[in-house]
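Subject: Model handover

Hello,

Here is the model I said I would pass on. My notes on what was found follow below it.

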Amino acid sequence: MSESSRPYFLWDYDLTEEEVRTLLRTGDETTRIWLASRILESARYADVWRYLSLTELRALFPHLKLKPPVREAWAYALHVWETAGVDGR
């Protein structure tokens, strides 16, 4: 995917890859929460890590608006990684 193309998980918004990355870094909290939620709900697992670090995910996770099965799956993964000592850097 090029930086000027629209990410497949944002099919209904006119944002480029570069804009998504910029908003995740510098957007207000509401925007970052919305984007992270959208990524976890709609992006392929491998692509999640192209946009979010584990550290960022841990910080945002309590605020994310996720469907219950998605929240449960990610909460379980975060718990396993924390128990295993995965630090996300």
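A helix here is a DSSP run of H or I with at least four residues, numbered from the N terminus. With that in hand, S5 sits in the segment before α1. Please keep in mind that this is a predicted model.

Overall fold

The chain has five helices and zero strands, in the order α-α-α-α-α along the sequence. Its radius of gyration is 13 Å, close to the 12 Å that the globule rule gives for 89 residues, so the chain is as compact as a globular protein of that length. The C-alpha trace spans about 40 × 25 × 25 Å along its principal axes. Among contacts between residues at least 6 apart in sequence, 54% join residues at least 24 apart.

Of its 89 residues, 36% count as buried.

In soluble globular proteins, nonpolar side chains tend to be buried together. In this chain the largest nonpolar core has 25 residues, and I39, L40, L52, L64 and W74 are the ones that touch the most other members. At least two residues of this core come from each of α1 (17-26), α2, α3, α4 (54-60) and α5 (68-83). As for I39, its contacts beyond four places in sequence are F9, L24, V48, Y51 and L52.

R38 and R44

Which of them is buried, and which exposed? R38 is placed in helix α2 and has a relative accessible area of 12%; because the cut-off for buried is under 20%, R38 counts as buried. R44 lies in the loop between α2 (29-42) and α3 (45-51), and its relative accessibility of 52% makes it exposed, since exposed means over 50%.

Leaving out residues up to four places away in sequence, R38 touches F9, L10, W11, D12, Y13 and A43. From R44, F9 is 35 residues away in sequence and 8.7 Å away in space, C-alpha to C-alpha.

S5

Not counting residues up to four places away in sequence, S5 touches L15, T16 and E17. The C-alpha atoms of S5 and L24 are separated by 17 Å, and the two residues are 19 apart along the chain.

Regards

How values were computed:
Residues numbered from 1 in each chain as written. Predicted model: local features only at pLDDT ≥ 70, side-chain atom pairs only at ≥ 80, totals over all residues. Heavy atoms only, no water. Buried < 20%, exposed > 50% of the residue type's maximum accessible area, 1.4 Å probe, protein only. Rg over C-alpha atoms; globule rule 2.2 N^0.38 Å. Contact = heavy atoms within 4.5 Å. Core = buried A, V, L, I, M, F, W, Y, C linked by side-chain atoms within 4.5 Å.
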